[in-house]
Amino acid sequence: MKSWGWGLGRCWECGEALVPNEVAGVCPPCRWAWRAMHGSDAVCQLAQERVGSIVFGVGFRLGSKTQKVVHRMKYGGFPSCGRDLGRWMAQGWPAPPQNAILLPVPLHWRRHVRRGFNPPQALAEGLAKGWDLEMQTTVLRRLKHRASLTRSNRLARQEALRETFGLGDRRPLPHRVVLVDDVLTTGATFRACRRVLHDAGVDVLGGVWLAMG
């Protein structure tokens with residue numbers, strides 16, 4: 001496996017010296033401890049039950065180690081980490097249809113400014129490169145800024161996400177898209193985005209997530 005962008009250094013998980021086949025600054029032994037899901041039919045079925053759509057990729061299940069990976073990707077200020085993880089996922093999952101456009105779930109502009117980047121977009125950039133697909137970032141926009149829904153149940157998420165997303169300023173709209181997000185929990189975010197896109201005549205083929213809770 002190829003090393004992407006971090007160069008030699010030390011694994012941020014265990015502190016050991018990195019070798020040229022690390023992913024997102026993590027040494028191979030630490031990465032092997034991830035509960036990876038590449039190509040798992042059981043994972044696809046479980047994720048599909050949550051979102052009611054095709055699953056084109058899930059990186060790993062959330063656990064004590066992988067939670068740190070997601071946290072670093074989202075809050076560590078390292079968009080290259082997300083790109084590395086996207087390319088790593090693209091090696092283990094078949095690409096969506098070639099006429100599909102990857103669509104990262106957007107952040108509200110206030111949160112985007114605070115973090116400096118959108119983690120799902122960084123993940124989608126890596127996937128797009130690994131799968132040789134196009135990615136677009138202006139089709140969807142987040143209309144409401146709210147607190148994190150990490151600890152919310154399915155019903156609370158659905159209510160909180162009502163009318164949270166809308167169409168962006170890109171015209172014409174793509175015909176077929178695959179949504180990309182960092183974490184799949186109840187599937188409420190995916191369904192909220194899919195509803196907006198379907199109402200506009202866009203075919204949402206399915207989704208990709210770095211982690212599944």
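A128 lies in helix α6 (helices are DSSP runs of H or I with at least four residues, strands are runs of E with at least two, and both are numbered from the N terminus). The model is a predicted one, where local features need pLDDT of at least 70, side-chain atom pairs count only at pLDDT 80 or more, and totals for chains, interfaces and linings use all residues. Residues are numbered from 1 along each chain as its sequence is written, and side-chain values use heavy atoms, with hydrogens and water left out.

Back to A128: with a relative accessible area of 11%, this residue is buried (buried means under 20% relative accessible area, exposed over 50%, and partly exposed in between, with a 1.4 Å probe and protein chains only). Not counting residues up to four places away in sequence, A128 touches L102, L133 and M135 (a contact means heavy atoms within 4.5 Å). A128 and R87 are 41 residues apart along the chain, and their C-alpha atoms are separated by 8.0 Å.

Zooming out, the chain has 8 helices and 7 strands. Of its 213 residues, 51% are buried. Among contacts with a separation of 6 or more, 72% are between residues 24 or more positions apart.

Next comes the sheet. Five strands form an open sheet in the order β1-β7-β6-β2-β3, and the pairing is parallel (two strands pair if DSSP finds at least two bridges between them). β1 and β3 (134-135) sit at the edges with a single partner strand each, so one side of each has no neighbour in the sheet. In general, strands of a sheet pair through backbone hydrogen bonds, either parallel or antiparallel.

The partner of β1 is β7 (residues 203-212), and the two strands run parallel over 6 bridges. Two of the bridge pairs can be spelled out: F60 goes with A211 of β7, and R61 goes with M212 of β7. Leaving aside neighbours within four places in sequence, G57 is in contact with M89, W93, G207, V208 and W209. The C-alpha atoms of G57 and H38 are separated by 7.4 Å, and the two residues are 19 apart along the chain.

On to N118, which is placed in the loop between α5 (109-115) and α6 (119-131). Outside the four places on either side in sequence, N118 is in contact with P104, V105, P106, L107 and H112.

P106, L107 and H112 turn up again in the second largest pocket. That pocket has a volume of about 200 Å³. Of its 13 lining residues, P106, L107, H112, T137 and L140 are the closest to the centre. On a 1 Å grid over the protein atoms alone, a pocket is an open set of points where a 1.4 Å probe fits, with protein on both sides within 12 Å along at least five of seven lines, and lining residues have an atom within 4 Å of a point. Grid points are joined across faces, edges and corners, and the volume is the space filled by probe spheres set on the points.

As for where the lining comes from, α5 and β4 (140-142) each supply at least two residues, and β4 gives the largest share, 3 residues. By class, the lining splits into 6 nonpolar, 5 polar and 2 charged residues (Ala, Val, Leu, Ile, Met, Phe, Trp, Tyr, Cys and Pro count as nonpolar, Asp, Glu, Lys and Arg as charged, and the others, Gly among them, as polar).

Most residues other than glycine have a negative phi. A24, not a glycine, has a positive phi of about 55°. A24 is found in the segment before α1 (28-32) and counts as buried at 2% relative accessibility. D132, also not a glycine, has a positive phi of about 60°. D132 is placed in the loop between α6 and β3, and with 63% relative accessibility it counts as exposed.
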